[in-house]
Amino acid sequence: MIPGTITANHPLLTDAATRARDIRSRFKDLFGGDCRLYRAPGRVNLIGEHTDYNDGFVMPAAIDFDCWVAISSAEGTAFTVHSGNLGETREFDLAHPQPRHDWSDYIQGVAVMLQKSGLPARGAKMLISSGVPMGGGLSSSAALEVAAGYALLDIQGSPVDLMQLALACQLAENEFVGAHCGIMHQFIACHGKAGHALMLDCRSLEHQLLPVPKDARLVICNTMVKHEISGGEYNTRRAQCEEGVRLLSAVLPGIAALRDVTVQDFERHRERLSPTIQKRCRHVITENQRVLAAAAALTQHDLASFGTLMFESHTSLRDDYEVSCSELDFLVQVAQGMKGVYGARMTGGGFGGCTVNLVAVEAVADFQQKLASAYHAHTGTVPEIYVQTCRATTSPFQSTHSRMGRSFAAPD
Ligand code: ADP
Ligand code: MG
């Protein structure tokens, strides 16, 4: 086995039918009775980092790892939720919604937002079993929200509008959990398609699916670290972007977000900004350009150009936005010199988490081995490396409930 590699028999990659059987049996042990199953995928962002809350462009792709929710309805308005990943049970009541300041807020938040949009308040029992690594920048929280939201709507026989669901889940995370994330995470969990990246305009929500060429793989490398400063730094970066817009709007009337500022306008007026705000703004403004260029490259099957843009994105995140860390930089630097690697960059909010690499299929095995060994030798930590197979499913999540007329994707 290649060190640090998730192999075919890893629990994260257990085939769907086996997983469904295990979760149903676990649900019966916990709550008694039958359940319905729903799932939503995590995501990796290929390019377009810290652009979402600046009304800009992003390019995430749904990944093979997903969050499953087993559910049955309960009497009244009471919820009992159990996370198989954490081994913890929580209770809350929709008649008296109240954040508990723990993981169950993601579920309670979604239930509250759906209720506000007209879904009757009814209780439920839920078992959560997720294969999306938590806190690694692969959107385990959005996968949990979307799977739970879909489950709650469907068991009440309410039609599921994926756009509305994504927005309700974002609202839950922003207002109930208190994490001020953009729409990207929930949007891709709802609209991702196997084998494709999705370019999203975070302002208009217009989106375009772009096929990921079959001769390349997305390889995700988890540093296994998450530096504590990330939350506070995220809020600081958001405030710095807003400050940049405020200062630039004196000479560029009509701009509402950094999305509206061209590279040329920025260069002309950047002296109005402090050196730090200049750097933050330059990252966001040039990153938006890179996403558009990357979409054009992918459309033309130009992986070399796409990869170059990924490296440039990393440099900009490291030097201008200053959200990288030594572990991420090391992984990108090692990848940069390797055969068959088109591009590499940190992905997610930063200060730890994962890198995403675009690698030629024939180079993947060698890449995994060398990257894992180099990282282990350098840090003493064994990284997890996830090679995305982009398995064909017709929907990012599916229910075994026959009324929906769908079944699980065939086992590998
Ligand atoms: P990311 O979304 O990048 O994985 P976040 O910090 O946004 O990181 O979300 C991670 C949080 O989401 C966890 O700390 C936990 O509160 C919640 N979460 C995600 N998946 C699960 C799960 N399977 N069980 C319980 N909580 C979960
Ligand atoms: Mg999250």
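Because the model is predicted, local features are given at pLDDT of at least 70 and side-chain atom pairs at pLDDT 80 or more, whereas totals for chains, interfaces and linings use all residues. Residues are numbered from 1 along each chain as its sequence is written, chains are lettered from A and ligands numbered from 1 in the order in which they are written, and side-chain values use heavy atoms, with hydrogens and water left out.

Helices (DSSP runs of H or I, at least four residues) and strands (runs of E, at least two) are numbered from the N terminus. Four strands make up an open antiparallel sheet in the order 9-10-8-11, two strands being paired if DSSP finds at least two bridges between them. Strand 9 (341-347) and strand 11 (384-387) are the edge strands, each pairing on one side only. On average, and with direction ignored, neighbouring strands of this sheet are turned by 20° against each other, where axes are lines fitted to C-alpha atoms, for helices over the stretch in contact, and angles run from 0 to 180 degrees between N-to-C directions. Strand 8 (residues 216-226) pairs with strand 10 (residues 352-360) in the antiparallel sense over eight bridges, and within this pairing I220 stands opposite V356 of strand 10. Helix 9 (residues 303-319) packs on the sheet and touches strand 8, strand 9 and strand 10, its direction making about 30° with that of strand 9; contact here means heavy atoms within 4.5 Å.

**Salt bridges**

The structure holds 22 salt bridges, each defined as a side-chain nitrogen of Lys or Arg within 4 Å of a carboxyl oxygen of Asp or Glu.

| Pair | Closest N and O atoms |
|---|---|
| K279 and E322 | 3.3 Å |
| R280 and E322 | 2.9 Å |
| R290 and E287 | 2.9 Å |

Accessibility is classed as buried under 20% relative accessible area, exposed over 50% and partly exposed in between (1.4 Å probe, protein chains only). K279 is partly exposed at 25% and E322 is partly exposed at 34%, whereas R280 is buried at 5%.

R290 and E287 both lie in helix 8, three residues apart, about one turn of the helix. R290 is buried at 9% relative accessibility, and E287 is buried at 0%. These two residues belong to a network of salt bridges that links E49, E287, R290 and R345.

**Helix 2 and helix 4**

The axes of helix 2 (residues 104-116) and helix 4 (residues 162-177) come within 8 Å and cross at roughly 120°. Residues that make the contact include Y106, V110 and M113 of helix 2 and A168, L171 and F176 of helix 4. By class, this contact has eleven nonpolar, two polar and three charged residues, with Ala, Val, Leu, Ile, Met, Phe, Trp, Tyr, Cys and Pro counted as nonpolar, Asp, Glu, Lys and Arg as charged, and the others, Gly among them, as polar.
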